[in-house]
Amino acid sequence: MTRPPFRAIIVGGGPVGLTAAHALSKAGIDFVLLERRLAVVEDVGASLVVMPSTSRVFSQLGILDRFRAIGAAVERLFATTLEGKKLYEIDPFLFMAANHGDTPRVCHRAFLLRILFEGLDQSARSRILTNKEIVDISLDDAGVDVHCADGTHYKGVIAIGADGANSYVREVMRGQALKSTPAAAINPANPFLAEFRVLFFTFPPPSSLKTGIAYESHGQGASTQLVSRGDRAWLFVYEPLPEPTRGRVSYTHDDVVACAQRWGHLTVGGNLKVGDLFKLRYHGSMVNVEEGHVEHWSWNRFVLVGDSVRKLSPPTGMGYNNGVQDVVALTNELRHIVFPPADNRASSDGDEEEESKGEEPGPTVETLSGAFRRYETVRQEGSKNDMWASGIYLRQGVWHSRLYWLADRYILPWLPVGPLSWAFARMLSANLRSAQVLDFVEGEEPFKGSMPWVHPMARPSDA
């Protein structure tokens, strides 16, 4: 008999879930991805920021050139007060390019989804299933069984929760753990706290907006971010909630319009008004800005990645990048147990070689738990650092305390541009240079700078 196949069930077909499909396919690991929406690619949502660390992974997945065609480099940060008075203009991302070989790049979320989906081969695409609302996940000695509302079910060895901040996989993991051990240490039912909300919309940019500049306006009780890639622009307006909440909140179209009217007078991009740009919108929405970091990333055959693990405030753009790092670190660990070093049955391009003969059991829960713990250990420090930095950045923009107001209004504008830009870039570089890559994919380093990557690309001589 041949060894039973190792299959991962990915729940969630957003950017992180599709990245997981790419990584597992590259590793030669079977998967099925279940997405509740009717289509993977929908023109909703806002922008995503892709850091150089993620672009490195894109090069391993074979989609870097296609991404760079839609991603606009961000090189400068221009900050004003809410009334349009200049605070500071700095170039931290040029220092980042010198350090790491590239700048952050911004793209439309839907465009990235399309590139991720179309970048998969036909076999992998056939395993991405839509209109699959999950209603239950059961466990047995062999693995997981994921049940959908349409009556179908899918068996696998593990379930990967890439289904966002309100993760159903995390909820089921919690319930199964408490059912097994009522006193089990497990995540709370609502682990993330929201103290702010954000209005966001996309629109055709006026000619006065320059590509490559991140425009921000800061002030008491609100802040904005505006970035353009030439043919499309994105605007975010942040405001504190009346009361912090851990509950789920949905906003209506009327709520979105009311928020835009409330802050329509704010100056953005030098001399533009939020209200005028809102009238040009393709579409827009409003959500609570949830923040937090769960303590338990896995249990039994469940493992979490992306926003199901931690929820970062959006201003630093590090959410998706952290999800990619989760996927990379987890895939490296899974490949080590599915294809041990002495068991060379998968090549680096994802093609499985002939399976060995003889009955071999799949990995035990203990083996999986060890892999999950190693994955979490690799990711914990960088994940928490980014969560801290994102929270600070959001609160600085809305002058959330007298200290934030003093620093943003008077101290930062007083500092020389060069040292301030360098310090800003240096803060980001500590995490970036330690980013993981798929350790089984051989290739040339696509980005080189003055700061060598801690984890270089695998070279043929390393095999």
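Is Phe67 buried or exposed, and what is its relative accessible area?

A: Happy to! Keep in mind that this is a predicted model. Phe67 is buried, with a relative accessible area of 0%. Its place is in helix α3, which covers residues 64–70. Leaving aside residues up to four places away in sequence, Phe67 touches Val50, Ser55, Phe58, Arg105, Cys107, Leu112 and Ile115. Ala97, by comparison, is 30 residues from Phe67 in sequence, and their C-alpha atoms are 17 Å apart.

A pair of aromatic rings is described by the distance of the centres and the angle of the planes. The count of aromatic pairs comes to eight. For Phe58 and Phe67, the ring centres are 5.3 Å apart and the planes stand at 70 degrees; planes over 60 degrees apart count as edge-to-face, so this pair is edge-to-face. Phe58 is buried too, with a relative accessible area of 0%.

Another edge-to-face pair is Phe78 with Tyr215, where the centres are 6.2 Å apart and the planes are at 80 degrees. This pair links distant parts of the chain, with Phe78 in strand β5 and Tyr215 in strand β14, 137 residues apart. Phe78 counts as buried at 16% relative accessibility, and Tyr215 is buried at 8%.

Elsewhere, Phe201, Phe203 and Phe278 form one aromatic cluster. There is also a charge over a ring: Arg125 lies over the face of Phe117, 5.7 Å from the ring centre.

Key: Residues are numbered from 1 along each chain as its sequence is written. This is a predicted model: local features need pLDDT of at least 70, side-chain atom pairs count only at pLDDT 80 or more; totals for chains, interfaces and linings use all residues. Side-chain values use heavy atoms; hydrogens and water are left out. Helices (H or I, at least four residues) and strands (E, at least two) are DSSP runs, numbered from the N terminus. Buried means under 20% relative accessible area, exposed over 50%, partly exposed in between (1.4 Å probe, protein chains only). Contact means heavy atoms within 4.5 Å. Rings of Phe, Tyr and Trp (its six-membered ring) pair if their centres lie within 6.5 Å; planes under 30 degrees apart count as stacked, over 60 as edge-to-face and the rest as tilted. A charge sits over a ring if NZ of Lys or CZ of Arg is within 6 Å of the ring centre and within 35 degrees of the ring normal.
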